[in-house]
Every structure is written in C-alpha cells, then in structure tokens.
Amino acid sequence: MLKLIIENISKTFKDKQAVTGFSAELSEGVYALLGPNGAGKTTLMRMLADILKPTSGRILLDGKDISIMGDHYRDSLGYLPQEFGLYRNFTAVRFLSYFARLKGLDKQEATTRVDEVLKLVNLQQDRKRKLKTYSGGMKRRLGIALALLNDPKILIVDEPTAGLDPQERVRFRNLLSEIAGDRIVLLSTHIVSDIEYIAKEVLLMRQGTLIQRSTSEQLLDSVKDKVWKCTVEQHALPQLQKHYKVGNIQRVETGIEVRIVSDQQPLADAVNVTPTLEDVYLYFFNEEVIDGVQAGML
Amino acid sequence: MYRQECYKIFSKKSIYLVFITIVLLLVYVHQLPTDMTMRESVFEELEETWGGPVTEEKVERARESMNAADAGEVSNHTFELRATDYVQFLVTGAAMQKQDQSERLTMLEAEMHDFDEGTYEHREAAIEHDMLQALDDVHGFYLIRSWREMFELIEPTTHVLLLSILIFLGLSPVFADEYTNRTTDLILATKHGKTKLVSAKLLASLSYIVIVFLSLQIINSFLNLLKFGGIAGWDAPIQGISSGLDSLSRLSYDGSPYNFDVWQFFLLTIALQLFASIAVGVIVLLLSFLTKNTMITFFVSSIIIATPALLQQLGTTDGFLGYLTDFSFLKLMQVSTLFTQFQAYNLFDYPVLYPYLLFILFAVVTGLLIMLTYRLFRNQQISH
C-alpha cells in the first residue's frame, strides 16, 4: 500500500513561518487541503512536489526520504501549481510531448499518453493549436493533462478547478474520483463543493499548521448543531454580520434569509439546518477575518 | 527534450532578423571598393618573379626599382605598375622583418647569457628564441587571397560585436524565459527537470552557437572568395599576411613568432573562436538563470564583453585592470589578435604563452561555470 508520510515539516522564509510542524500520513485516495489565503497550503504542496526544501522535518514515500529519492520520487509525481505558464508558440501536442520526455517517458509511450490525456481533458480537437490561442479554461485543462501525463502515484493539484466552467469542474471531479483508487491525490481548493463528495479526508490548515483532519462526514458532524437559518429585515443585517459568521444571504418575500454559523442560537426564530462543507469552512476560517479586522482596529 | 529546447531557441524571429542584417552588412562591406585585392592575374605573374622567401637579390632589385620610381624614372600610372610597386614594397618590408627577427634573436641570446638558467627571464628569452629560430625563411611575398579576411568578420572588434549580439539574443532567454513564462514549477517537479533539462538546454545552446558561428564563417568565406578570387596562399606562412592595401583588417602577422601555415592558422582561429563563442554562451546561460530576466541578461552580458574595450579606449590598462583586459571574454573572442606577437605570462616562474594561457584559463572557467549552472539549477527552490 502506498504511503506518504509528512513528518513534522516546517518552512520559514526569512522572518515568516509559512508552515509549522505539519504532520500527516496519507494513503491512496483523495485528500482535500482547505484553508484561507496565507494558510501555507501552496508552500506545503511545493514541499511535497520537491521544488521547495523544508526548513525542518522530512517527507517519506513508502519509508524513503523524498529528498534522497530525488528523480525516483518525482517519477511518481504529478504536480499542477495554482499559477503556471505555457510556451505560447507550442501546440498542445508539442507541449505535452516535451513534458512527457521531462517526466521520463520514452518516445512511443509519450505519443500514446499525450493522446490519452488530451482525450481525458477534452482537448483532442485543439491538439494542434498554438497555446497562445487557448482560453484560460483550456490552459487549466491542459495543466491537468500535464499533471496526469506520467500516470502519477502521487497527484498534487493546487486549485485545479479555478477558471473551469461548471461542466468541466464536474468532469474533473469525476476524473479525480476515478483515478484516486490506487494513488494519493492531494488537492487544495476554495470551491468546497469540489471536494464534498470525492475527498476521503479533509485537512484544514490555518497559519501554517494542520488544525483538523477528518472525513467530510465528521467535519459536517462537527458543526451539526451550529448552522442556523433565519429571516431578518434589511436594516438588521449589518448588526448580524458584525456579531456572527454569516454565510449565504438570499432575498425572499418576507425579508432577507441568512445562513449563520454559530455555537449558540443567534436569534429566537433561527432554526437549525443541515450543514454543508461551506458552513464548515466558514466555521473554521471566518474567525481569521474577524481577528484580522479587530487587530487592525486596535 | 533537446529538440524542443532547440525549437524554443530557433523559433524566435528576432535572431533571423539580426542574422539577415549581419549578412547584409557583410555583403555591403565586402563590396566596398579597395585599392587592390590581388585577384588580378598580374599578381600571379608578380608572384613568379617576387614570390617565396625574401632573398638579397630580390630585395636589391626591388629597392632599385622603387628608387627609380621615386626619382620619377618609371611611371606607376597603370594598374600593373602600381601592383608591381606594391609587391616590391611588400618584399622590402619582408626583408626588414627578416632583419628585425635576426636582431631579436641576437638580443635574446644576450639575455639568455645575462640571466641564470633557472630564472624567469632566461626561460622567457629561451622560449621566444626557440620559436623564432624554428621559423624557417618565413618572410617574403606570398600571393594570399581569400584568407586575408577569413580570420574574422570584417575586423576583430566588429567580429566580437556581431557574434555577441547573436549569442546574447539567442541565449539570454534560455533560462530566463522559463521564469517569465512561469513554467519553472512544472519543470522542476518532473523526473528529469532538475538535471537532464540543463544538459538539453546546454546542448541546444551549443547547437545554436555552432550553427550561427559556422553559418557566418561560411558566408564570410564565400564573400571573401568572391572578393579575392581564389584560395591561393593556403600553404604560405602566416608571416606573409601583412596589413596592406588589400585587406580591411589592420592585423599583421609579419612579426609573429608562431610557426603556422595559413590553412593551419585558419583552422586554429576557427576552432578557438568557436570555443570562445561557447565560453561566452555559457556565461550568458548562467546570467540568464541568475537574473531570470532576458533584458537584464542581455544588458549584463554586453557590459562584460564591452568593459575591456572601454578600458582600452580610455587607456587604463595598467596593473590589475590590464590583467582584467588581457584575460577577458573580449580578448578571448578576438582570437586573430592573439598571435601577432610574442607575449608570455609568468606562472610560478615559468613563462606561458599568452594565447595558450588565456584558453586554458577560460576552458577551466567555462567548465566551472557549467558545473555551477547545473548545481544552482538543481538546488533552486521555488518560493515566489
């Protein structure tokens, strides 16, 4: 069984601690990394992609330190960063063929795999087009194809669905589900609906540390009695937003329907509702914003 | 991988634009009228009379003829007579060089006598003495045609300028573009992204330099062939190449202590110039990686090449600055200027000939720079 162990890793940039004592053990399946901006997700992913060295701690694949494994580790890796560029004058086929060779595929393997992944991301019609003519969504799909090119055992994808249309997002989500059976997939996203049904576990990060690791069900269960819905008048909304974590706001006939995440019942007529992962996100991370605002006011 | 790296370099339109401009410049310069090019058959006749190593009899005849011309006894209004006059001038010049060489040998023998055998001065004098003595009747008139301007593009400084522009233009983006395009993360996370990619980039860059360099050499040789009308003189000693009416280059090898035939010297300069271009290419690649910006790489590379030329212009080439100038990329690329005279450097009390020392030093430096590029690329971390 594939096992990736992250052993107490930390990363410091000059005076900034980006990741602090992060430990986790991952086996086959999809893991979702959730956290606000600046939580250290990208830094953690870069360390897992072997393009950034931890200041302390180590990462082990099947018991071997990845910094010692080097090429062998990266041979098992598929990585798609949040922001990446393409060679404007390359066609999709040329681009993927180039990366296929970088990933160690021989010429014949490369030709076959390039065709397969282009089909997988629905770009086979545009395979001969220069990349400078690609739209943002097409570029991201090509990035996904690139990450899957070497049939990696470990797939690390940072915000992979940003810029994709809903249809493509569903397609990608299903694709991840299909391929995750015999590999480790770690993805970070702000779009929590992307992971709701496919993530084996969700890792919540805040200020560089892992604050919680649970299944989606357990996370939903942890906020089970903390999600409320009520209808208020327009003028009461600012006051409510000041004191509570307010999620969805929807105008209805009788006023404004708001979704609130709170340990206590916020208003007498508020009723408990079934939580979603968005509520979980709000519950764990909205605090950051409030703290930040308060710190600024002080 | 190598093919795609080549594609990245060769798909840039700017290099073709500059290359064509350089070729047009070469064509323009080569068609400029010169006093004489020795392509006319009259020079073949003159070679029969005056050609080969200089002799006392030839010098005597040449001087008599020149004195007669000076006294107005002989008119030199026709091309044939002017050509004869020029060849006689070359013969008498060669005689003077032969005389200088003989005097220099005497002076060196005296130096060797004055200094103890183990001293640097003795060793230096002995090396020069042996080199001059090995030159066997090299001074004289030789009909040397296309070779006169084949050792560089137009002249040494222009040669450096034109080649440098093409090298900077082609190689400045090699690493820098990966950062500009934001493809570094993708590359470094692949199996061969930290190691073999550097080899592929180096090989592609090497191919670019070889292709550009050889293309320009072939075009330059062809233009010279058209201008001078043949390859006569290929087996003449390089001392037969003197600055004169027939060449754009002001370089003269009549005082050179190096024992090369023209064809040997041509091959040597081609090989060394190619090495020099590669050495410059390697520093450009390292800068491309370090600066992560094409424009800055171009700018810094230009400064590295141009500073010694500027120091020379300002006349500040004494002491340390002198060493900086002598052992610079500029001098390395001006290969044809390195063999015109005797120059040696004291290395642990042993004299080492300047051209050899320069190339050995830069071979080591280039090797180290390549290793450094590999090391830095492999160990770089992405944290932007």
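The legends below describe close-up views of a predicted model.

**View 1. The interface between chain A and chain B.**
In this predicted model, 32 residues of chain A are in contact with 29 residues of chain B. Among the residues of chain A, A:I51, A:Y98 and A:L102 lose the most area to chain B, and together they make up 22% of what that side buries. The two chains bury about 2,800 Å² between them. Carbon and sulfur atoms carry 56% of that area.

Four salt bridges are counted between chain A and chain B. One of the residues involved is B:K194, which forms a salt bridge with A:D50. The closest N and O atoms of B:K194 and A:D50 are 3.8 Å apart. Across the interface of chain A and chain B, 14 residue pairs are in polar contact, with both residues at pLDDT 80 or more.

**View 2. Elements of chain A that touch chain B.**
On the side of chain A that touches chain B, the elements giving two or more residues are strand 1 (4-13), helix 3 (71-75), strand 6 (77-80) and helix 4 (92-102) of chain A. Helix 4 of chain A gives the largest share of that side, with six residues.

Strand 9 of chain A covers residues 201-206, and strand 10 of chain A covers residues 209-214. The two strands pair in the antiparallel sense over five bridges. A:R206 has A:T209, in strand 10 of chain A, as its bridge partner. Two residues lie between the strands of this hairpin. In the hairpin, A:Q207 takes a positive phi near 50 degrees.

**View 3. Helix 7 of chain B.**
Helix 7 of chain B runs over residues 156-171, which is 16 residues. Helix 7 of chain B is mostly covered, with 13 of its 16 residues buried.

B:T184 is placed in helix 9 of chain B, which covers residues 184-188. The relative accessibility of B:T184 is 2%, so this residue counts as buried, the cut-off being under 20%. Leaving out residues up to four places away in sequence, B:T184 touches B:E178, B:Y179, B:Q380 and B:I382.

Terms used
Residues numbered from 1 in each chain as written. Chains lettered and ligands numbered in written order. Predicted model: local features only at pLDDT ≥ 70, side-chain atom pairs only at ≥ 80, totals over all residues. Heavy atoms only, no water. Pairing = 2+ DSSP bridges. Helix = DSSP H or I, 4+ residues; strand = E, 2+ residues; numbered from the N terminus. Expected span 1.5 Å × (residues − 1). Buried < 20%, exposed > 50% of the residue type's maximum accessible area, 1.4 Å probe, protein only. Contact = heavy atoms within 4.5 Å. Buried area = accessible area lost by both parts, 1.4 Å probe. Salt bridge = Lys/Arg side-chain N within 4 Å of Asp/Glu carboxyl O. Polar contact = N/O pair within 3.5 Å; in protein donor to acceptor, adjacent residues only side chain to side chain.
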